[in-house]
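User: I have a structure open and would like to go through parts of it. Can we start with a single residue and work outwards?

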Amino acid sequence: MVEQVTSPLLTKEKTEWLKAKIRDIPDFPKPGIVFKDLTTLLKDGEAFSYVIDVLTEHFKQHNAAYIAGIEARGFILGPVIAHKLGIGFIPIRKSGKLPYRVVKETYDLEYGTDCVEIHEDAVEEGARVILIDDLLATGGTALAAHKLLTKVGANVVSVGFVVELGFLNGRNRMPSNVEVVSILTY
Ligand code: AMP
(Lines give C-alpha, C1' and ligand atoms only; values in the text may rest on other atoms or scores of the structure.)
Protein backbone atom coordinates (compact mmCIF):
# COMPACT_ATOMS: atom_id res chain seq x y z
CA MET A 1 0.00 0.00 0.00
CA VAL A 2 1.40 3.41 -0.97
CA GLU A 3 1.41 6.06 1.77
CA GLN A 4 1.80 9.14 -0.39
CA VAL A 5 2.39 9.94 -4.02
CA THR A 6 6.16 9.65 -4.32
CA SER A 7 6.65 11.84 -7.33
CA PRO A 8 10.17 13.25 -7.51
CA LEU A 9 8.40 16.57 -8.08
CA LEU A 10 6.92 16.50 -4.59
CA THR A 11 9.64 18.01 -2.45
CA LYS A 12 9.14 19.21 1.13
CA GLU A 13 8.95 22.76 -0.24
CA LYS A 14 6.21 21.77 -2.71
CA THR A 15 4.26 20.05 0.07
CA GLU A 16 4.42 23.17 2.22
CA TRP A 17 3.55 25.37 -0.76
CA LEU A 18 0.43 23.28 -1.49
CA LYS A 19 -0.63 23.06 2.16
CA ALA A 20 -0.48 26.86 2.37
CA LYS A 21 -3.06 27.01 -0.47
CA ILE A 22 -5.64 25.07 1.57
CA ARG A 23 -7.86 27.06 3.91
CA ASP A 24 -8.95 25.64 7.28
CA ILE A 25 -12.54 26.46 8.24
CA PRO A 26 -13.11 25.64 11.93
CA ASP A 27 -16.52 24.31 13.00
CA PHE A 28 -17.83 23.66 9.47
CA PRO A 29 -20.22 21.99 8.72
CA LYS A 30 -20.62 21.40 12.45
CA PRO A 31 -18.81 22.21 15.72
CA GLY A 32 -15.54 20.33 16.18
CA ILE A 33 -14.86 19.67 12.46
CA VAL A 34 -12.00 21.57 10.79
CA PHE A 35 -13.07 21.68 7.13
CA LYS A 36 -10.22 21.61 4.60
CA ASP A 37 -11.39 24.13 2.00
CA LEU A 38 -9.72 23.25 -1.32
CA THR A 39 -11.41 26.04 -3.30
CA THR A 40 -8.43 28.26 -2.47
CA LEU A 41 -6.06 25.68 -4.00
CA LEU A 42 -8.28 25.10 -7.05
CA LYS A 43 -8.46 28.80 -7.93
CA ASP A 44 -4.66 28.93 -8.10
CA GLY A 45 -3.87 27.74 -11.63
CA GLU A 46 -0.31 26.71 -10.82
CA ALA A 47 -1.30 24.72 -7.71
CA PHE A 48 -4.32 23.10 -9.41
CA SER A 49 -2.31 21.93 -12.40
CA TYR A 50 0.49 20.76 -10.10
CA VAL A 51 -1.75 18.40 -8.09
CA ILE A 52 -3.34 17.12 -11.30
CA ASP A 53 0.10 16.48 -12.84
CA VAL A 54 1.43 14.65 -9.77
CA LEU A 55 -1.61 12.35 -9.56
CA THR A 56 -1.68 11.75 -13.33
CA GLU A 57 2.02 10.90 -13.39
CA HIS A 58 1.53 8.41 -10.55
CA PHE A 59 -1.54 6.77 -12.11
CA LYS A 60 0.04 6.24 -15.56
CA GLN A 61 1.61 2.97 -14.35
CA HIS A 62 -1.79 1.41 -13.62
CA ASN A 63 -2.99 1.21 -17.23
CA ALA A 64 -6.52 1.89 -16.02
CA ALA A 65 -9.54 1.90 -18.31
CA TYR A 66 -11.48 4.48 -16.26
CA ILE A 67 -11.34 7.11 -13.57
CA ALA A 68 -14.35 7.02 -11.23
CA GLY A 69 -15.13 10.19 -9.25
CA ILE A 70 -17.31 10.65 -6.18
CA GLU A 71 -19.86 13.51 -6.23
CA ALA A 72 -19.22 16.37 -5.80
CA ARG A 73 -15.56 17.21 -5.35
CA GLY A 74 -14.38 14.05 -7.09
CA PHE A 75 -16.07 15.57 -10.17
CA ILE A 76 -13.64 18.49 -10.11
CA LEU A 77 -10.47 16.39 -10.07
CA GLY A 78 -11.43 13.07 -11.66
CA PRO A 79 -12.39 14.21 -15.17
CA VAL A 80 -9.24 16.32 -15.53
CA ILE A 81 -7.06 13.31 -14.63
CA ALA A 82 -9.10 11.08 -16.97
CA HIS A 83 -8.62 13.58 -19.78
CA LYS A 84 -4.87 13.74 -19.20
CA LEU A 85 -4.65 9.92 -19.21
CA GLY A 86 -6.87 9.73 -22.31
CA ILE A 87 -9.39 7.44 -20.57
CA GLY A 88 -13.08 7.67 -19.66
CA PHE A 89 -14.78 9.06 -16.55
CA ILE A 90 -17.47 7.33 -14.45
CA PRO A 91 -19.61 9.34 -12.00
CA ILE A 92 -20.56 7.97 -8.59
CA ARG A 93 -23.49 10.11 -7.51
CA LYS A 94 -25.68 10.89 -4.53
CA SER A 95 -29.04 9.13 -4.40
CA GLY A 96 -31.63 9.83 -7.11
CA LYS A 97 -29.42 11.66 -9.63
CA LEU A 98 -28.49 8.98 -12.17
CA PRO A 99 -31.10 8.41 -14.90
CA TYR A 100 -30.56 4.72 -15.79
CA ARG A 101 -30.75 1.56 -13.61
CA VAL A 102 -28.46 1.90 -10.57
CA VAL A 103 -26.70 -0.09 -7.89
CA LYS A 104 -26.77 1.58 -4.43
CA GLU A 105 -24.62 1.53 -1.35
CA THR A 106 -25.72 3.07 1.96
CA TYR A 107 -23.08 4.04 4.50
CA ASP A 108 -22.92 5.55 7.98
CA LEU A 109 -22.06 9.16 8.63
CA GLU A 110 -21.30 10.61 12.04
CA TYR A 111 -25.03 11.37 12.32
CA GLY A 112 -27.33 9.31 10.10
CA THR A 113 -26.60 7.66 6.76
CA ASP A 114 -25.87 8.60 3.16
CA CYS A 115 -26.25 6.75 -0.11
CA VAL A 116 -24.20 6.66 -3.32
CA GLU A 117 -25.15 5.14 -6.67
CA ILE A 118 -23.58 4.00 -9.92
CA HIS A 119 -25.14 2.88 -13.20
CA GLU A 120 -25.35 -0.91 -13.24
CA ASP A 121 -23.62 -1.03 -16.65
CA ALA A 122 -20.95 1.58 -15.78
CA VAL A 123 -17.97 -0.73 -16.41
CA GLU A 124 -17.09 -3.87 -18.31
CA GLU A 125 -16.36 -6.93 -16.12
CA GLY A 126 -12.79 -6.77 -14.81
CA ALA A 127 -12.08 -3.22 -16.07
CA ARG A 128 -9.24 -1.52 -14.21
CA VAL A 129 -10.56 1.56 -12.39
CA ILE A 130 -8.95 4.34 -10.32
CA LEU A 131 -11.25 5.97 -7.76
CA ILE A 132 -10.79 9.70 -7.02
CA ASP A 133 -12.07 12.06 -4.33
CA ASP A 134 -10.68 15.30 -2.93
CA LEU A 135 -10.21 14.18 0.67
CA LEU A 136 -10.01 10.98 2.72
CA ALA A 137 -11.45 11.42 6.23
CA THR A 138 -12.98 8.37 7.96
CA GLY A 139 -13.00 6.45 4.66
CA GLY A 140 -16.74 5.70 4.73
CA THR A 141 -17.44 7.43 1.43
CA ALA A 142 -14.50 5.87 -0.41
CA LEU A 143 -15.31 2.42 0.97
CA ALA A 144 -18.94 2.72 -0.22
CA ALA A 145 -17.74 3.85 -3.67
CA HIS A 146 -15.26 0.97 -3.78
CA LYS A 147 -18.05 -1.50 -2.92
CA LEU A 148 -20.24 -0.07 -5.69
CA LEU A 149 -17.49 -0.36 -8.28
CA THR A 150 -16.75 -3.92 -7.21
CA LYS A 151 -20.46 -4.84 -7.35
CA VAL A 152 -20.71 -3.70 -10.98
CA GLY A 153 -17.61 -5.72 -11.93
CA ALA A 154 -14.73 -3.22 -11.72
CA ASN A 155 -11.22 -4.10 -10.62
CA VAL A 156 -10.34 -1.08 -8.44
CA VAL A 157 -6.56 -0.74 -8.70
CA SER A 158 -6.04 2.50 -6.79
CA VAL A 159 -7.86 5.11 -4.73
CA GLY A 160 -6.46 8.65 -4.87
CA PHE A 161 -6.95 11.88 -2.90
CA VAL A 162 -5.37 15.30 -2.70
CA VAL A 163 -5.73 15.38 1.11
CA GLU A 164 -5.70 12.59 3.69
CA LEU A 165 -6.65 13.18 7.33
CA GLY A 166 -4.23 10.54 8.55
CA PHE A 167 -5.34 10.76 12.19
CA LEU A 168 -8.75 9.32 11.20
CA ASN A 169 -7.13 6.15 9.75
CA GLY A 170 -9.53 6.06 6.78
CA ARG A 171 -7.00 4.13 4.67
CA ASN A 172 -7.22 1.19 7.08
CA ARG A 173 -10.88 0.71 6.12
CA MET A 174 -10.01 0.12 2.47
CA PRO A 175 -9.38 -3.47 1.32
CA SER A 176 -5.70 -4.34 1.84
CA ASN A 177 -5.14 -5.21 -1.85
CA VAL A 178 -6.04 -1.67 -2.96
CA GLU A 179 -3.41 1.07 -3.22
CA VAL A 180 -4.38 4.25 -1.36
CA VAL A 181 -2.52 7.41 -2.43
CA SER A 182 -2.68 10.99 -1.25
CA ILE A 183 -0.57 14.05 -1.95
CA LEU A 184 -0.92 15.84 1.39
CA THR A 185 -1.31 14.15 4.77
CA TYR A 186 -2.40 15.82 8.01
P1 AMP B 1 -15.24 10.28 4.86
O2 AMP B 1 -16.35 9.45 4.29
O3 AMP B 1 -15.34 10.48 6.35
O4 AMP B 1 -13.87 9.79 4.42
O5 AMP B 1 -15.43 11.74 4.26
C6 AMP B 1 -15.00 12.01 2.99
C7 AMP B 1 -15.89 12.97 2.25
O8 AMP B 1 -16.36 14.04 3.06
C9 AMP B 1 -15.13 13.59 1.11
O10 AMP B 1 -15.97 13.62 -0.01
C11 AMP B 1 -14.75 14.96 1.61
O12 AMP B 1 -14.91 15.90 0.60
C13 AMP B 1 -15.68 15.25 2.78
N14 AMP B 1 -14.99 15.63 4.03
C15 AMP B 1 -14.98 14.94 5.19
N16 AMP B 1 -14.30 15.56 6.15
C17 AMP B 1 -13.83 16.70 5.60
C18 AMP B 1 -13.01 17.78 6.08
N19 AMP B 1 -12.55 17.82 7.33
N20 AMP B 1 -12.71 18.76 5.22
C21 AMP B 1 -13.17 18.73 3.95
N22 AMP B 1 -13.94 17.76 3.44
C23 AMP B 1 -14.27 16.74 4.25
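User: Is S182 buried or exposed?

Analyst: S182 counts as buried, because its relative accessibility is 0%. Buried means under 20% relative accessible area, exposed means over 50%, and partly exposed is in between, with a 1.4 Å probe and protein chains only. This is a predicted model, in which local features need pLDDT of at least 70 and side-chain atom pairs count only at pLDDT 80 or more, while totals for chains, interfaces and linings use all residues. Residues are numbered from 1 along each chain as its sequence is written, and side-chain values use heavy atoms, with hydrogens and water left out.

User: Where does S182 lie? And which side chain does S182 join in a polar contact?

Analyst: S182 is part of strand β10, residues 179-185. Helices (H or I, at least four residues) and strands (E, at least two) are DSSP runs, numbered from the N terminus. The side chain of S182 makes a polar contact of 2.7 Å with that of E164. A polar contact is a pair of N or O atoms within 3.5 Å; within protein, one must be able to donate a hydrogen and the other to accept it, and residues adjacent in sequence count only if both atoms are side-chain atoms.

User: What is V163 in contact with?

Analyst: Leaving aside neighbours within four places in sequence, V163 touches I22, L38, D134, L135, L136, S182, L184 and Y186. Contact means heavy atoms within 4.5 Å. V163 sits in strand β9 and is buried, with a relative accessible area of 0%.

User: On to helices. How far apart are the end C-alpha atoms of α4?

Analyst: They are 16 Å apart. The expected span is 1.5 Å times one less than the number of residues.

User: Which residues of α4 are buried?

Analyst: G74, L77, G78, I81 and A82. They cover an arc of only 130° around the axis, so they are on the same side of α4. The arc is that of the directions from the helix axis to the C-beta atoms. Their cover includes α2, α3, β3, β4, β7 and β9.

User: What follows α4?

Analyst: G86 does, and its phi is positive, near 70°.

User: Which residues of α3 are buried?

Analyst: In α3 they are A47, Y50, V51, I52, V54, L55, T56, H58 and F59. These pack against α1, α2, α4, β7, β9 and β10. At the start of α3, a side-chain oxygen of D44 comes within 3.1 Å of the backbone nitrogen of E46.

User: Changing topic: which residues come nearest to the ligand?

Analyst: R73, D134, T138, G139 and T141, out of 13 residues around the ligand. A residue is near a molecule if one of its heavy atoms lies within 4 Å of it. An N or O atom in the side chain of T141 is 2.5 Å from a ligand oxygen. The protein buries 82% of the 490 Å² that the ligand exposes when taken alone. Accessible areas come from the Shrake-Rupley method with a 1.4 Å probe; for residues, only the protein chains shown count as cover.
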